[in-house]
Amino acid sequence: MVLRTIFGIPISGNPALIMVRVLSGSRYSLVVAVWALVGCVLMLHLYSLIHPRERSEGDIEFHLSQLQLTHELQASQDEGFQIPPPRGRRSPRAIKRRPRRSTTLIEEFLDETSQVRHMFFPDQRTAIDPMKEVGDDNMYFSPGKIWLDTDGNPIQAHGGGILYVEKLGMYYWYGENKNGPTYHAHKKGAARVDIIGVSCYSSKDLWTWKNEGIVLAGEETNVTHDLYQLNVLERPKVIYNDKTGKYVMWMHIDDANYTKASVGIAVSDYPTGPFDYLYSKQPHGYESRDMTIFKDDDGVAYLIYSSEDNSELHIGPLTEDYLDVTHAVRRILVGQHREAPALFKYRRTYYMITSGCTGWAPNEAHAHASESIMGPWESMGNPCIGGNKVSRDTTFFSQSTFVLPLPKIPGFYIFMADRWNPAQLNDSRYVWLPLSVGGAADMPLDYNFGFPLWSRVSIFWHRRWKLPNGWNG
Ligand code: DGJ
């Protein structure tokens, strides 16, 4: 008798009868069905590798030219920082009693008297002045350097975001104007600057910014007003409502002790304001501190905010006019203690960058992804590439505020972050870097038959970089 095996099962007899027996025997048929399923999944995966989702022949051609465009953006640079030796002479006895440990880079960053302060906050002499830079220096972003507007003044748009108004071919950058003295309202309180208002800058090339003025001003006399100068206005973001034709601004509104924990809403007929302040509230009845808004492709907009003592984020759709939240809300990233959310979408997946909660001090960014904006959201770890370990672990000494899509280069974005200067908040800097979505995630937590669901989100460190030719058409 011939002894054969099928999928490891010993079978004997006429080959024609073998299949009948395999298929009819209940134990065997179950094993065959399982193996057939595994085969199908493998075939499907192979197919999706050869024909990635939604990619046509035209896409492939575009992809090739895109590779040339984006090659430089992804070539991140490494940094080797030298920490200076401890300062001041000490007697051998003092050294024996308490040996002085050398400082860490993050301590140097936070020390306003550090000898290497210029590494984090380069001085006026290296400022980027779009009205003066010519030739090869033109159009280079230099993260951390002072960035001047077209009048020659440092740009004041912290914790900001950008709105592209297609009909005008213009980008508008809104952010906190912090151009006042930094002080502590209480001994233990965080460093602060009084509310001056929300600044707006306009640009066609994302590099040369014209100051459009303060589009929502702080209130100097009425102490009961949300925008009273001794309160807090942070992270303003503006979106356009196609149905009402209004520009709608959402922002974090608080008192000096951060106990009001609310959102504020303002509205204007024009991108350059003036914006009328409407009201503040705790959305869905919850605390709301760091926040952002996101307008999806279908026109539905969402509010995302840190809540429950910053231990989790909440997300929910806005009403059709974008002037309030609806009743729908989901708790996301529960227990992860994240803030500074910046949300974006690539193809059908939603992505978000967040920071940890350490006041004005920088910390590690995390990237998150979800198939549905309302969650569940998965965390994918630190997206930063290049620099050095400390700079990667501190988001290049900055904190996320916004991710701007570059629609002509699908999968590429500008990551916008603030390098806060707690000693002088008005001298906080901007860290803009290329961000891409693609490749396998390093820390995939969610699996689909053994294959990670999410692409990697990468933020590439560059001392200076420029957008590739053709980024806008
Ligand atoms: C971190 C937040 O992200 C900032 O917007 C600001 O609120 C600071 N905390 C205040 O310490």
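I started with K260, which is partly exposed at 32% relative accessible area (buried is under 20%, exposed over 50%, partly exposed in between, with a 1.4 Å probe and protein chains only). This is a predicted model, where local features need pLDDT of at least 70 and side-chain atom pairs count only at pLDDT 80 or more, while totals for chains, interfaces and linings use all residues. Residues are numbered from 1 along each chain as its sequence is written, and side-chain values use heavy atoms, with hydrogens and water left out.

Next I looked up the partner of K260: a salt bridge links K260 to D226, with the closest N and O atoms 3.4 Å apart. For the term, a side-chain nitrogen of Lys or Arg has to be within 4 Å of a carboxyl oxygen of Asp or Glu. K260 sits in the loop between β10 (246-254) and β11 (262-268), and D226 in the loop between β8 (210-217) and β9 (232-241), so the pair ties together parts that are 34 residues apart in sequence. Strands here are DSSP runs of E, at least two residues, numbered from the N terminus. D226 is buried, at 14% relative accessibility.

**Other salt bridges.** How many salt bridges does the rule give? I get 18. One of them joins the side chains of R289 and E287, at 3.1 Å from N to O. R289 is buried at 12% relative accessible area, whereas E287 is partly exposed at 26%.

I then checked D297, which forms a salt bridge with K345 at 2.9 Å between the closest N and O atoms. D297 is in the loop between β13 (291-295) and β14 (301-307) and K345 is in strand β17 (residues 339-346), so this pair ties together parts that are 48 residues apart in sequence. D297 itself is exposed, with 66% relative accessibility. Shared partners put D296, D297 and K345 into one salt-bridge network.

**The sheet with β17.** I find four strands in an open sheet, ordered β17-β18-β19-β20, with antiparallel pairing (two strands pair if DSSP finds at least two bridges between them). β17 and β20 (378-381) are at the edges with a single partner strand each, so one side of each is left without a neighbour in the sheet. Neighbouring strands are turned by 25° against each other on average, direction ignored; the axes are lines fitted to C-alpha atoms, and angles run from 0 to 180 degrees between N-to-C directions.

I also looked at how β19 (residues 366-370) meets β20: the two pair in the antiparallel sense over three bridges. A367 has G381 of β20 as its bridge partner.

**Ligand.** Which residues are around the ligand? I list A190, E234, R235, Y258, D290, E339, G359, W360 and Q399, near being a heavy atom within 4 Å. An N or O atom in the D290 side chain is 2.4 Å from a ligand oxygen, and for E234 that distance is 2.6 Å. Q399 has a polar side-chain atom 2.9 Å from an oxygen atom of the ligand. Taken alone the ligand exposes 300 Å², and the protein buries 92% of that (Shrake-Rupley areas, 1.4 Å probe).

**S458.** Last, I looked up S458, found in strand β27 (residues 455-460). S458 is buried, at 5% relative accessible area. Its side chain makes a polar contact of 3.0 Å with the side chain of R456; the term covers N or O atoms within 3.5 Å, and within protein one must be able to donate a hydrogen and the other to accept it.
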